[in-house]
Amino acid sequence: MANIRATPVEGDQPDRWEAQLRKGALEMAALASLWRGSLYGLEIIRFLESHSRLVLAEGTIYPILNRLKAEGMLTSEWVEAEAGHPRKYYSLTDAGRGRLRLMAEAWASFSQGLSELLEPVMEMKESKQ
Amino acid sequence: MTQEMQIESYLTALRFNLGPISIADREEIVREISSHIRDSAEKPGTSLASVLAGLGPADKLASQYRDGLLIHQASRSNSPLVLLRGSLRLATKGIFGTGVFFVGLIGYLMGGGLVLCAFIKPILPANTGVWFDGGGHFMSSGVLFPPPGSSAHEVLGIWFIPISLTLGSLTLLFTTWAIRTALHVSQTWQSKL
């Protein structure tokens, strides 16, 4: 699966635009990674890398998890691990699940609308290839 | 420098830069980042330098924590000081934040000024009020030293107190509501497309 990394185009700033896009989607992605159960920070990063096209700096996710916890979207607990040090596991709260559902609905509607809009652009790209 | 010393050095810098966050929250953050570093560095073929590079400089990582928490706390606070601090933090992120900060600052100065005038009126009745000239044109308002001359007349009298108090309180309430709303909106922008 290809990562979302833009090829710079002269006179354009796709990297910056994509960085904003990724940043905007990151909170939803972090919540979504916890939908099926508890994970600790590094597992969330690896989950996002393997299950989505989101490649993020590792330092980005922790402040977001911290804020989501402060907002009551997540709970956390320290669990002793075989590695010899405890790990902080995050879980979704009911409020977190509710917010994620709303975000998922908004995202699906938004992306479907944009896909329809971009369909001619993509068709043109395919015909050129 | 050994690996352990490098980790401790990074965590010390992180702890130091998390300054305004409560000690309990600070230690929890440091503990989690420590756990992340140790977990990541255990992966075969991964160097400690690359793990620390992935986290970014300690001061930048701390700043992300501080920004997120400060804006979140401010968006739920009624304290003008906390709200202004939150909006000041937002001001460092762009024009929207700068606008919010200045609107908040002006709003609190105006509201506070009106409330203060209401309290000064009983103490300095001749110097405090709203003045019009003989032709019915507005001249000045507030607390004036010395008071306007005999050509001006103060129109509100004792009513200045409740009117100034009400307008001041409404301005303070509106400013608080406006900043909190702006901070909520900024959080939404951060979290949605």
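This is a predicted model: local features need pLDDT of at least 70, side-chain atom pairs count only at pLDDT 80 or more; totals for chains, interfaces and linings use all residues.
Chain B has seven helices and three strands, while chain A carries an open three-stranded sheet with antiparallel pairing. Over all chains the count comes to 13 salt bridges, and the ones picked out below include pairs that join two chains.

**Chain B overall**

- Going along the sequence, chain B reads α-α-α-α-α-α-β-β-β-α.
- Of its 193 residues, 38% count as buried.
- Take the contacts in chain B with a separation of 6 or more: 55% of them come from residues 24 or more positions apart.
- Chain B exposes about 10500 Å², and carbon and sulfur atoms supply 69% of that.

**The sheet in chain A**

- The strand order is S1-S3-S2.
- S1 (39–40) and S2 (74–79) of chain A sit at the edges with a single partner strand each, so each has one side without a neighbour in the sheet.
- S2(A) pairs with S3(A) (residues 87–92) in the antiparallel sense over six bridges, and Val79(A) stands opposite Arg87(A) in S3(A).
- Helix H3 of chain A (residues 58–70) packs on this sheet and touches S2 and S3 of chain A. Its direction makes about 115 degrees with that of S2(A).

- Met28(A) is in helix H1 of chain A (residues 14–33) and counts as buried because its relative accessibility is 14%, under the 20% cut-off.
- Setting aside neighbours within four places in sequence, Met28(A) is in contact with Leu100(A), Met103(A), Ala104(A) and Trp107(A).
- Met28(A) and Arg99(A) are 71 residues apart in sequence, yet their C-alpha atoms are 8.8 Å apart in space.
- Leu117(A), in helix H4 of chain A (residues 94–128), counts as exposed at 59% relative accessibility.
- Leu117(A) is part of a nonpolar surface patch of about 550 Å², made together with Phe110(A), Leu114(A), Leu118(A), Val121(A) and Met122(A).

**Salt bridges within chain A**

- Side chains of opposite charge can pair when their charged atoms come close.
- Glu27(A) and Arg67(A) form a salt bridge, with the closest N and O atoms 3.3 Å apart.
- Glu27(A) lies in helix H1 of chain A and Arg67(A) in helix H3 of chain A, so this pair ties together parts that are 40 residues apart in sequence.
- Both Glu27(A) and Arg67(A) are buried.
- These two also belong to a network of salt bridges that links Glu27(A), Arg67(A), Glu71(A) and Arg99(A).

**Where the chains meet**

- Glu28(B) forms a salt bridge with Lys88(A), the closest N and O atoms being 2.9 Å apart. The pair joins two chains, because Glu28(B) lies in helix H2 of chain B and Lys88(A) in strand S3 of chain A.
- Glu28(B) counts as partly exposed at 24% relative accessibility, whereas Lys88(A) is buried at 2%.
- Lys88(A) also meets the side chain of Glu32(B) in a salt bridge (4.0 Å, N to O). Glu32(B) lies in helix H2 of chain B, so this pair joins two chains as well.
- Glu32(B) is buried, with a relative accessible area of 4%.
- Ser40(B) has its place in helix H2 of chain B (residues 23–42) and counts as buried at 4% relative accessibility.
- Leaving aside neighbours within four places in sequence, Ser40(B) is in contact with Leu42(A) and Glu58(A) from chain A, and with Thr46(B) and Val51(B) from chain B.

Technical notes:
Residues are numbered from 1 along each chain as its sequence is written. Chains are lettered from A and ligands numbered from 1 in the order in which they are written. Side-chain values use heavy atoms; hydrogens and water are left out. Helices (H or I, at least four residues) and strands (E, at least two) are DSSP runs, numbered from the N terminus. Buried means under 20% relative accessible area, exposed over 50%, partly exposed in between (1.4 Å probe, protein chains only). Contact means heavy atoms within 4.5 Å. Accessible areas come from the Shrake-Rupley method with a 1.4 Å probe; for residues, only the protein chains shown count as cover. Patches are made of residues with over 30% relative accessible area and no salt bridge: like charges are joined within 9 Å, nonpolar side chains (Val, Leu, Ile, Met, Phe, Trp, Tyr) within 5 Å. Two strands pair if DSSP finds at least two bridges between them. Axes are lines fitted to C-alpha atoms, for helices over the stretch in contact, and angles run from 0 to 180 degrees between N-to-C directions.
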